[in-house]
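Here is a friendly walk through one protein model. Have the coordinates open as you read.

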Amino acid sequence: MTSELDIFVGNTTLIDEDVYRLWLDGYSVSDAVALRVRSGILEQTGATAAVLQSDTMDHYRTFHMLERLLHAPPKLLHQLIFQIPPSRQALLIERYYAFDEAFVREVLGKKLSKGTKKDLDDISTKTGITLKSCRRQFDNFKRVFKVVEEMRGSLVDNIQQHFLLSDRLSRDYAAIVFFANNRFETGKKKLQYLSFGDFAFCAELMIQNWTLGAVDSQVDDMDVDLDKEFLQDLKELKVLVADKDLLDLHKSVVCTALRGKLSVFSEMEANFKNLSRGLVNVAAKLIHNKDVRDLFVDLVEKFVEPCRSDHWPLSDVRLFLNQYSASVHSLDGFRHQALWDRYMGTLRGCLLRLYHD
Amino acid sequence: MPGKLKVKIVAGRHLPVMDRASDLTDAFVEVKFGNTTFKTDVYLKSLNPQWNSEWFKFEVDDEDLQDEPLQITVLDHDTYSANDAIGKVYIDIDPLLYSEAATVISGWFPIYDTIHGIRGEINVIVKVDLFNDLNRFRQSSCGVKFFCTTSIPKCYRAVIIHGFVEELVVNEDPEYQWIDRIRTPRASNEARQRLISLMSGELQRKIGLKVLEMRGNAVVGYLQCFDLEGESGLVVRAIGTACTLDKLSSPAAFLPACNSPCKEMKEIPFNEDPNPNTHSSGPSTPLKNQTYSFSPSKSYSRQSSSSDTDLSLTPKTGMGSGSAGKEGGPFKALLRQQTQSALEQRGGSPHRFCKRREFPFFTLTAFPPGFLVHVGGVVSARSVKLLDRIHNPAFVGIMGNTRSYKLLDWNSFNADEPETRDAWWAEIRQEIKSHAKALGCHAVVGYSESTSICEEVCILSASGTAAVLNPRFLQDGTVEGCLEQRLEENLPVGCGFCHIPYDELNMPFPAHLTYCYNCRKQKVPDVLFTTIDLPTDATVIGKGCLIQARLCRLKKKAQAEANATAISNLLPFMEYEVHTQLMNKLKLKGMNALFGLRIQITVGENMLMGLASATGVYLAALPTPGGIQIAGKTPNDSSYEQHISHMQKKINDTIAKNKELYEINPPETSEEVIGSPIPEPRQRSRLLRSQSESSDEVIELDLSHGKKDAFVLEIDDTDAMEDVHSLLTDVPPPSGFYSCNTEIMPGINNWTSEIQMFTSVRVIRLSSLNLTNQALNKNFNDLCENLLKSLYFKLRSMIPCCLCHVNFTVSLPEDELIQVTVTAVAITFDKNQALQTTKTHIEKSLQRASTDNEELLQFPLELCSDSLPSHPFPPAKAVTVEKASPMGEGNFRNRSAPPCANSTVGVVKMTPLSFIPGAKITKYLGIINMFFIRETTSLREEGGVSGFLHAFIAEVFAMVRAHVAALGGNAVVSYIMKQCVFMENPNKNQAQCLINVSGDAVVFVRESDLEVASTQQAAATCQPLCTGGEVTT
């Protein structure tokens, strides 16, 4: 006796969250059945392995049919074939677009192209995430990227509108799209200590302040591309380190203000010029695409690592950066106050986030 | 020229890409009705076209309106080659033809293609302007309402229940026409879909005409079926119960009962008989002795026609129960006479064209209180027929754009030909009627018909429950009869229907009678089998459960007559074994009655399958069932005896366990007090066995063995051993689950609104080698049990829950394939309220009585306003009027709740039940009857057979929901999947499936919404759950 056909169709589509997770994680039916058996479900329900097999097959088939709709979530809402309560629809979408931290760290900032897709094999081996799941996550990134890349308006809003994701997940996707578009390097060894959350935080700040959308909401690609004019202007900041008098003045203002307030005051005083040179040079270089890509490498090399080697506490870093940014206003003869604020305001936020072990 | 159909095509969405180059589609729409076609403009390059067309107007006869579907075809415009069809939508406009149903059909319909499935959606608006036509000889029957529901629909009241209506229509199957060899599968499928749609329309119209002749205005329990007879044609047949219904739309119309489906959902306001006539001296006519041989009579009626020989065999099965006590006897006879006269009277009614009144059958399974007086037992008849080509001389043209094929009414055309499908059914019905008579009954309720076809052999089956009915509902309002007040005295609530309708001294079959355990006045049988739902006033102890008997029998492959003979010979044995199994399982459950019994016999190439499903309950009125006693044949073998006693212990344990599980704790009664001096105190079932089996196995019973009413199972061979084993292999559902095949589960009355309707299909392939009956039985049994287990597992999140209306269908699509299709609804109930005391029940029924009285107010008034001769209601009626509770009309007007529009947007519930828990049905929008074909030539790519069928069933659900939503409804009740024919050819990577579904589209309003609206008098007369007002939408 062999089962030729075995189906169950409900007027309301049954969604088993556990099986959905197994499916999303890319397990085959037999692996999923084995995992469910291990979870002790047979003992709880008194079911047999055959029942579990049939149930799992059924859910997998349903998910497979739903997958086409999940690629364009608004379709899931308007389709008539599967009657699914709204809360369940939201769950299906949110889970489908959720991603693994380990996976996203591997592809963040990489070009979402076929070439990268070939690397998925390696990523799968490295992270222990099934290839199927890697593919889904990668395809999700790519799909979202393609849809919102050329769109006007807020990146997060666009993602939310076209993929019906939660606010948090939309922000994450905005970061992914932003990183992919600007190809920020995140894979270097010295960046390994950073989490996706760190990068997403920086991405959000940069989108808010450094993109075209930050100044003009009527242009294409406003949130995805950095404001070229702004990057061009940044080289004007060079005067802060190139002009020796200005650099000395800046240092003395900062040191006066912070004396007695920092536990690492002497180290700060000794390193001030190096640090300032580092931060300003990063700004001046951003005109080149290659240097934009290396932004995070540079920030870590030029600021985070020196401070860390001197064991600056985070509170001191904050005090220093605040004072460092603010005291520029008291420098007579420096005319690019607004530009400096736009640059340093974001950079300060990023650096504070990046500064950890 | 009585109708104008208006159609507007608004827009499309999610269309498929038809032009690969642009990834877009240039779509336009053809709207066709009858011979007229309109087209919209081409909407260039869009997957979401906005046609916003003008109103297309069709001026048509109402006859066409009833027969024809509106056909909407979406196409992709192609400048250089033929336009490609994207898909079609068929819209049945019948619901627009009743005044009370839907007024407009408007909404998104899935665009369906028989090869690709659903391809996007189209937004359509349809309206009908109907002109009144007073032509008496008209052919249409617009205005007759159809209901699939097998009880009086919720917002109606039955004024008269007229009786049986049936019709069948025959045509050639387009799939088997010569043209099919050259046309595409798509064209062939579409021709079939359209033809069936047309035939069902015609059938419905003809039934409607019969109803009008009977002066009815509705058909309840309408069941339409297709017989795909292959080469020999396509039969569409329907049965139903003609009624005169009154809409409870007046302000005072207040149905407290229909809101709490838990108990009195099928309540219709005739709870007590208002007729105060006293029975003076009823002519105590002695009952005629009705002789009836119970053994299956192998009556071959060998009929020969010019070309073919037909074999017909009808094993009769009459199972009965009930009792006429000494006083009850004459009274009952009187009642029966009245009923008969009522039925016959209609037969002789002065309608010229009406000559079908000979069958007092009712397709209803639930009745207004007081309607059902006694129940005799199940009656069934089967007949094996050979199909020959339906002689259809009408020109069957190419299915083109016009309606070039003519439909033939088999009845009229082949009037001189005796071998008609109609004659076959008439024969079977006659058989049923005589069975009912033998049980002392004049009517058959819960009546249904079915067929099973394999190649050229067809088994026709009919079954129902013999019953004695209260004539008051059956009369045309001319005679009130002399029903007396004593009726109520004689029919104590909750047990009256159990009392035997036949004469104790002339029982149609030997039965073990006792005095009713409820009223102690009249006789009841030890076991009662019926095809109807549990009457709402029946007193049940504990809960019920689904009981199934499953059986397979191998048969040799044979041709034509030899095959039919072989089947005919097997049938009585199958019937007998199915009954034995049912009886054994019922005893094992510690119960004494079966409701909703449905026995399906399916014929295949090399086997016969029998599947009986029913809901077992413990009726308080019937005696406690005895246990099952096992007796061995070789008493000297000690190890054997040990084995026997071991088995016995197991059985006893199971019975005890089941009693606990189903909470069966009947009050202990001393047997001696009510013990009856019945001439032959033998076990009915036992006798059934010895009778039904042929003479070689007449075993003398050792009655001294154990308790008198213990049921003895003799283990005389391995077969019997198998039987006992299989009894014990049925595992009860996991805790928190109950199941039944009736509308509601006895003993559970606190349903929540969480329901889940589902269809599950399984096909297994038998290993072809060395198939034995035992192996086959085991396979089949495992198939059903595993299927149930899977359902329990899948629905575990709904616990505590009950599977209601579990409907199994078996088919044998190929040699080694068994297909089982299950449709049911899972309903969650509230465990905490599960233990409602009897006190609340009493309160409820009191409340019900008071409101019922109130409703009776309307009854005479409405009857008087009827064109019929006035109903001479006795003046004492006024008493009832005065008793009516002072419920202000205004109250009801004030509490109209918002219609469904703002609640639950888009969600359409589907259920095989006639009600929706926790909600009140406020409007019936019309019948849904849809037929779909799906075919694929890329089976593997669509996920194999499972993927293909899964997608198709999901699509069918979607199309049903879309149609209901477009009618303005939010639910389908009495939903049924009547056919699911699946054929595959994996080698060719092909599969085809036909599905036929039906149901009633309704509007419901949540009780919680109603409660908000009703503030004032909920406390006064009704308990909170019972509140409900008529909602004007």
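How many disulfides are there over all chains?

## Cysteines and conventions

The count is zero disulfides over all chains, where a disulfide is a pair of cysteine sulfur atoms within 2.5 Å. Cys350(A) is in no disulfide, and the nearest cysteine sulfur, from Cys202(A), lies 3.7 Å away. Cys740(B) is in no disulfide either, with the sulfur of Cys804(B) nearest at 4.1 Å. Cys350(A) is buried at a relative accessible area of 2%, and Cys740(B) is buried at 0%. Here buried means under 20% relative accessible area, exposed means over 50%, and partly exposed is in between, with a 1.4 Å probe and protein chains only.

This is a predicted model, in which local features need pLDDT of at least 70 and side-chain atom pairs count only at pLDDT 80 or more, while totals for chains, interfaces and linings use all residues. Residues are numbered from 1 along each chain as its sequence is written, chains are lettered from A and ligands numbered from 1 in the order in which they are written, and side-chain values use heavy atoms, with hydrogens and water left out.

## Chain B as a whole

Chain B contains 20 helices and 34 strands; these are DSSP runs numbered from the N terminus, helices being H or I with at least four residues and strands being E with at least two. Of its 1033 residues, 63% count as buried. The accessible surface of chain B is about 37,500 Å², with 52% belonging to carbon and sulfur atoms; such areas come from the Shrake-Rupley method with a 1.4 Å probe, and for residues only the protein chains shown count as cover.

## Aromatic rings

Over all chains there are 50 aromatic pairs. Rings of Phe, Tyr and Trp (its six-membered ring) pair if their centres lie within 6.5 Å; planes under 30 degrees apart count as stacked, over 60 as edge-to-face and the rest as tilted. Trp340(A) and Tyr343(A) form a tilted pair, because their planes are at 55 degrees, with the centres 6.5 Å apart. Both lie in helix α20 of chain A, three residues apart, or about one turn of the helix.

In chain B, Trp751(B) and Phe829(B) pair edge-to-face, with 6.0 Å between centres and 85 degrees between planes. Trp751(B) is in strand β28 and Phe829(B) in strand β30, so this pair ties together parts that are 78 residues apart in sequence. Both of these residues are buried.

## Salt bridges and charges

The model has 47 salt bridges over all chains, each a side-chain nitrogen of Lys or Arg within 4 Å of a carboxyl oxygen of Asp or Glu. One of them joins Asp6(A) and Arg762(B) at 3.0 Å, N to O. That pair crosses between chains, from strand β1 of chain A to strand β28 of chain B. Asp6(A) is buried at 15% relative accessibility, and Arg762(B) is buried at 8%.

Within chain B, Arg192(B) and Asp173(B) meet in a salt bridge at 2.9 Å, N to O. Arg192(B) is in helix α2 and Asp173(B) in the loop between β10 and α2, so the pair ties together parts 19 residues apart in sequence. A network of salt bridges links residues of both chains, including Asp16(A), Arg36(A), Lys794(B) and Arg796(B). The charged end of Arg796(B) also sits over the ring of Phe793(B), 4.1 Å from its centre; this label needs NZ of Lys or CZ of Arg within 6 Å of the ring centre and within 35 degrees of the ring normal.
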